[in-house]
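Hi there,

Here is the structure I promised to pass on to you. Have a look at it first, and then read on for what turned up.

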Amino acid sequence: MKVDKIKCIIVEDEMPSASELEYLLSQYNFIEVIGIAYDNIEAIDLINDVTFDVAFLDINIPLGNGMELARHIKDGNKAIDIVFVTRSEEHTSELQSPPLS
């Protein structure tokens with residue numbers, strides 16, 4: 001029986017971090033990274049162009065931020081899961097807040 005892969009996008013402005021996350025996710029045969037964006041504008045285009053199940057979002061991205069992007073994604077499809085990836089401790093309280101819905 002063929003199982004559909006979990007389709008993911010990555011939004012991360014640091015190319016080495018995006019590549020490392022893509023590599024780590026590729027180690028699971030049930031996950032497929034279908035796109036990477038490096039800023040908010042690329043992310044919006046990617047979100048509008050592809051169908052995905054999970055978004056891995058950096059919080060601090062050029063031309064916007066991951067929290068706003070998560071709200072945009074959830075406004076379009078509440079079933080999409082969001083995973084925040086960040087090295088910043090600045091947004092810890094936002095990440096511990098209630099879910100975006």
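The second largest pocket has 12 residues in its lining, and those nearest its centre are Glu 12, Glu 14, Asp 58, Thr 86 and Arg 87. Keep in mind as you explore that this is a predicted model. The space in the second largest pocket comes to about 190 Å³. Sorted by class, its lining holds five charged, four polar and three nonpolar residues. Which helix gives the most to this lining? That is helix α1 (residues 15-26), with three residues.

Now turn to two other helices. Helix α2 (residues 40-49) and helix α3 (residues 66-76) have axes that come within 11 Å of each other and cross at roughly 15 degrees. Because angles under 35 degrees count as roughly parallel, α2 is roughly parallel to α3. The crossing in which α2 passes α3 is right-handed. On the α2 side, the contact is made by Asn 40, Ala 43, Ile 44, Ile 47 and Asn 48, while α3 brings Leu 69, His 72 and Ile 73. Of the residues in this contact between α2 and α3, five are nonpolar, three are polar and none are charged.

Enjoy exploring!

Note on methods. Residues are numbered from 1 along each chain as its sequence is written. This is a predicted model: local features need pLDDT of at least 70, side-chain atom pairs count only at pLDDT 80 or more; totals for chains, interfaces and linings use all residues. Side-chain values use heavy atoms; hydrogens and water are left out. On a 1 Å grid over the protein atoms alone, a cavity is a set of points where a 1.4 Å probe fits but cannot get out, and a pocket is an open set with protein on both sides within 12 Å along at least five of seven lines; lining residues have an atom within 4 Å of a point. Grid points are joined across faces, edges and corners, and a volume is the space filled by probe spheres set on the points. Helices (H or I, at least four residues) and strands (E, at least two) are DSSP runs, numbered from the N terminus. Ala, Val, Leu, Ile, Met, Phe, Trp, Tyr, Cys and Pro count as nonpolar, Asp, Glu, Lys and Arg as charged, and the others, Gly among them, as polar. Axes are lines fitted to C-alpha atoms, for helices over the stretch in contact, and angles run from 0 to 180 degrees between N-to-C directions. Angles under 35 degrees count as roughly parallel, over 145 as roughly antiparallel, 65 to 115 as roughly perpendicular and the rest as oblique. A crossing is left-handed if the near helix is turned anticlockwise from the far one by less than a right angle, and right-handed if clockwise. Contact means heavy atoms within 4.5 Å.
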